[in-house]
Amino acid sequence: MQTGVIKILFFSCNFVFLHLICQLRFCMKKTVYYFNPENDMALANFTPYYKVPAEIARMADDLSALPAWYALAGSVVKVGLLERVPCWEQLCNGRTPFPEVEWTDVWLDAPYSPWGWNPAFVHTLRKAGVSGTFFPSSEVLAGIRRLSGRVSGMEVLRQVATDDGLCGEACVCRSLEEVKG
């Protein structure tokens, strides 16, 4: 493995380890799972004041039950409206067992496991009164942003491009001239 890949894996493992420590430290509180599909755009914007486009907010609300299928049994899933939960349960109609989770439509002071972490989500939790011990620091957020970016993807692709059967070239364009060139 090349150095760049090792650094990325090391940072990823550290973040997962810190997340698990956070989960264990607050094991008396249930983890709240939350679907925030706007994460990539909010991470790119990287401001606490990112405004989610209406169509993405609507999609997030429509699919807010999604984490129930990967949340640990006994966890909590944050949804937009609790009134929709019976509707989702009825849609499953015994074909697919609905997971054993609790539901909430309020921000709980508990550990969170969102689809993705970004400054806008952290700001939302802060405004709701969630303890700062339940979300990543600014430094960790900056690391997540770096790892989620195209440059990191390009570095990984360059590292694995030496494997048999892979071809092509990875590059990041920062201007229209670079794309045309």
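Me: Why is Tyr70 called partly exposed?
Reply: The model is a predicted one. Tyr70 has a relative accessibility of 36%. Partly exposed is the class between buried, under 20%, and exposed, over 50%, so Tyr70 counts as partly exposed.

Me: What makes Tyr33 buried or exposed?
Reply: The relative accessible area of Tyr33 is 9%. Buried means under 20%, so Tyr33 is buried.

Me: How many aromatic pairs are there in the whole structure, and why do Tyr33 and Tyr70 count as a pair?
Reply: A search of the whole structure gives 10 aromatic pairs. The ring centres of Tyr33 and Tyr70 are 6.0 Å apart, and rings pair if their centres lie within 6.5 Å. Their planes stand at 80°; planes over 60 degrees apart count as edge-to-face, so this pair is edge-to-face.

Me: Which parts does that pair tie together?
Reply: Tyr33 belongs to strand E1, while Tyr70 sits in the loop between H3 and strand E2 (76-78), so the pair links parts that are 37 residues apart in sequence.

Me: What makes the pair of Tyr34 and Phe121 stacked?
Reply: The angle between the planes is 5°, with 5.2 Å from centre to centre. Strand E1 holds Tyr34 and helix H5 holds Phe121, so parts 87 residues apart in sequence are tied together. Both Tyr34 and Phe121 are buried. They also belong to one aromatic cluster, together with Trp107, Tyr112 and Trp117.

Me: How do you know that strands E1 and E4 pair?
Reply: Strand E1 (residues 32-34) and E4 share 3 bridges in the parallel sense. Two strands pair if at least two bridges are found between them, so E1 and E4 pair. Tyr33 has Ser113 in E4 as its bridge partner.

Me: What is the order of the strands in the sheet, and which are the edge strands?
Reply: The sheet is open and has 4 strands in the order E3-E2-E1-E4, with parallel pairing. Strand E3 (102-104) and strand E4 (112-114) are the edge strands, as each pairs on one side only. On average, neighbouring strands of this sheet are turned by 30° against each other, direction ignored.

Me: What does the protein chain contain besides the 4 strands?
Reply: There are 8 helices in the protein chain along with the 4 strands. From the N terminus, the elements run α-β-α-α-β-α-β-β-α-α-α-α. Of the 181 residues, 34% count as buried.

Me: Which residues lie nearest the centre of the largest pocket, and what supplies the largest share of its lining?
Reply: Tyr34, Glu38, Val52, Ala57 and Thr124 lie nearest the centre, out of 22 lining residues. H5 supplies the largest share, 5 residues. Helix H3 (54-62) and helix H5 (119-127) each give at least two residues to the lining. By class, the lining has 12 nonpolar, 5 polar and 5 charged residues. The space in this largest pocket is about 410 Å³.

Me: What sets the phi of Phe46 apart?
Reply: Phi of Phe46 is near 50°, a positive value in a residue other than glycine. Most residues other than glycine have a negative phi. Phe46 lies in the loop between helix H2 (39-45) and H3. With 27% relative accessibility, Phe46 counts as partly exposed.

Notes:
Residues numbered from 1 in each chain as written. Predicted model: local features only at pLDDT ≥ 70, side-chain atom pairs only at ≥ 80, totals over all residues. Heavy atoms only, no water. 1 Å grid on protein atoms, 1.4 Å probe; cavity = no way out; pocket = protein on both sides within 12 Å on 5 of 7 lines; lining within 4 Å. Points joined across faces, edges and corners; volume = space filled by probe spheres on them. Nonpolar A, V, L, I, M, F, W, Y, C, P; charged D, E, K, R; others polar. Axes fitted to C-alpha atoms, helices over the stretch in contact; angles between N-to-C directions. Phe/Tyr/Trp six-rings, centres within 6.5 Å; stacked < 30°, edge-to-face > 60°. Buried < 20%, exposed > 50% of the residue type's maximum accessible area, 1.4 Å probe, protein only.
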